[in-house]
Amino acid sequence: MNAVDLLWILLSYLIGSISWGLIFGFAHGLDLRRRDLPGGSGVFRQLGPIWGVLTALLDAAKGALVALLATQAPEGLAPWMATAVVAGHCWPVYFGFSGGGGLAPSLGFFLVFRPSVTLVALAVVAVVALLYYPWWRRRGGVLGIYPIPFAALFGYAYALWALQGDREGFWAMLGVTVVVLIRGLRLLKGRR
């Protein structure tokens, strides 16, 4: 890996570090880090559905932009760039390293990078979330995890399985999955 490769990875991290939820929160006079996560779901809970959906779309767009950039980057950098954009979202340099959970930029990246696998993974997430939702409403689910993050675990697992024969896709998905799992475990332990 040379200096140019590292610049591509750094650029991906910096793009991921743009936290739309925090920007929208500050525009409304709130520091969402004190109340919730600054991703789409946290913004949805704190500022309402319009701002939550807009945040999720813009966070997904960060991932999509990096996937498009990966097509111009030196060969073999896509897995590193995918991991970096999601890490930037989870631990944004511009906002004290306290960001979202990483689902939206992961989705955006893989919708561009490996669309067919991603669409099937989204269907898996939708089915699991619908099945899990009633249990979560009645009993708080597994460790209190909301339906979408819980169901996303199954989507990531499916994508890892489906991408086994695709070296670049598999390593990109593995890197992103590790980042999201680390972030999720830290959140479950109450660490931002």
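This is a predicted model: local features need pLDDT of at least 70, side-chain atom pairs count only at pLDDT 80 or more; totals for chains, interfaces and linings use all residues.
## Nonpolar cores

The largest nonpolar core is made up of 32 residues. Within this core, the residues with the most contacts are M81, V86, F109, F110, F113, M173 and V176. Six helices each supply at least two residues of the core: α1 (3–16), α4 (49–70), α5 (78–90), α6 (103–113), α8 (147–162) and α9 (167–188). The largest share, eight residues, is contributed by α5.

V86 touches G102, P105, S106, V176, V179 and V180, when residues up to four places away in sequence are not counted. Another core lies apart from the largest one and has eight residues, with V128, Y132, F150 and A151 among them.

## Contact of α1 with α5

The axes of α1 and α5 are 6 Å apart, and the two helices pack at an angle of about 30°. Because angles under 35 degrees count as roughly parallel, α1 is described as roughly parallel to α5. The crossing in which α1 passes α5 is right-handed.

On the α1 side, the contact involves W8, I9, S12, Y13 and G16. On the α5 side, these residues meet W80, M81, A84, V85, A87, G88 and H89. By class, the contact has eight nonpolar and four polar residues, and no charged residues. M81, one of the α5 residues facing α1, is also among the residues with the most contacts inside the largest core.

## Contact of α4 with α5

α4 and α5 pack with their axes 10 Å apart and at an angle of about 160°. Because angles over 145 degrees count as roughly antiparallel, α4 is roughly antiparallel to α5. Their crossing is right-handed.

From α4, the residues D59, K62, G63, V66, L69 and A70 take part in this contact. Their partners in α5 are A78, M81, V85 and H89. The residues of this contact divide into six nonpolar, two polar and two charged.

## Contact of α4 with α6

α4 also packs against α6, where the axes come within 6 Å and cross at roughly 45°. That angle makes α4 oblique to α6. The crossing of α4 and α6 is right-handed.

A56, D59, A60, G63, A64, V66, A67 and L68 in α4 meet a set of α6 residues consisting of A104, P105, G108, F109, V112 and F113.

## Loop residues

R33 sits in the loop between α2 (20–27) and α3 (40–47). Its relative accessibility is 23%, so R33 counts as partly exposed. R33 and S98 are 65 residues apart along the chain, and their C-alpha atoms are separated by 7.0 Å.

F97 belongs to the loop between α5 and α6. Most residues other than glycine have a negative phi. F97 is not a glycine, yet its phi is positive, at about 60°. With a relative accessibility of 46%, F97 counts as partly exposed.

M1 lies in the segment before α1. Its relative accessible area is 60%, so M1 is exposed. Leaving aside neighbours within four places in sequence, M1 is in contact with L6, I9, L77 and W80.

G175 is part of helix α9. With a relative accessible area of 17%, G175 is buried. G175 and A87 are 88 residues apart in sequence, with a C-alpha to C-alpha distance of 9.5 Å.

Note on methods
Residues are numbered from 1 along each chain as its sequence is written. Side-chain values use heavy atoms; hydrogens and water are left out. A nonpolar core is a set of buried Ala, Val, Leu, Ile, Met, Phe, Trp, Tyr and Cys residues joined through side-chain atoms within 4.5 Å. Buried means under 20% relative accessible area, exposed over 50%, partly exposed in between (1.4 Å probe, protein chains only). Helices (H or I, at least four residues) and strands (E, at least two) are DSSP runs, numbered from the N terminus. Contact means heavy atoms within 4.5 Å. Axes are lines fitted to C-alpha atoms, for helices over the stretch in contact, and angles run from 0 to 180 degrees between N-to-C directions. Angles under 35 degrees count as roughly parallel, over 145 as roughly antiparallel, 65 to 115 as roughly perpendicular and the rest as oblique. A crossing is left-handed if the near helix is turned anticlockwise from the far one by less than a right angle, and right-handed if clockwise. Ala, Val, Leu, Ile, Met, Phe, Trp, Tyr, Cys and Pro count as nonpolar, Asp, Glu, Lys and Arg as charged, and the others, Gly among them, as polar.
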